[in-house]
Amino acid sequence: MNATSKAWMVAASVGVVEALKDQAGMCRWNYAMRSIHQYTKNKVKSSLSQATSSSSVVPEKIMMKQQRDHEMKQSEESLRKFMYLSCWGPN
């Protein structure tokens, strides 16, 4: 490809992306992140409501949730420590 055709391809790509941004926000990152967040939140709510409706499975579900919460806190703490050390630690 020569430089002119590459330039036209880049210009066309930018034009397409900008045109899609204007159509109801479908290509914006905020829209994608919001929809993924809402989908997962609804899934969690529905699975929790199903878990609470069946009383024999509730203790197991609660234990799994507590374990996930504990693992998430450990993960967040290790990330926090990494960020602290990379910003303020020895060079």
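Helices here are DSSP runs of H or I with at least four residues, strands are E runs of at least two, and both are numbered from the N terminus. This is a predicted model, so to speak: local features need pLDDT of at least 70, side-chain atom pairs count only at pLDDT 80 or more, and totals for chains, interfaces and linings use all residues. Residues are numbered from 1 along each chain as its sequence is written, and side-chain values use heavy atoms, with hydrogens and water left out.

Q: Is Met 83 buried, partly exposed or exposed?
A: Met 83 sits in helix H3, residues 58-88. Buried is under 20% relative accessible area and exposed over 50%, with partly exposed in between (1.4 Å probe, protein chains only). Since Met 83 has 42% relative accessibility, the label is partly exposed.

Q: What percentage of the residues in the protein is buried?
A: The protein has 91 residues, and the buried share of them is 3%.
That figure again: 3%.

Q: Which element gives the largest share of the lining of the largest pocket?
A: A pocket is an open set of points on a 1 Å grid over the protein atoms alone, where a 1.4 Å probe fits, with protein on both sides within 12 Å along at least five of seven lines; lining residues have an atom within 4 Å of a point. The largest pocket has 10 of them, with Val 44, Ser 47, Leu 48, Lys 65 and Arg 68 nearest its centre. Helix H2 (29-53) and H3 each give two or more residues to this lining. Six residues, the largest share, come from H3.
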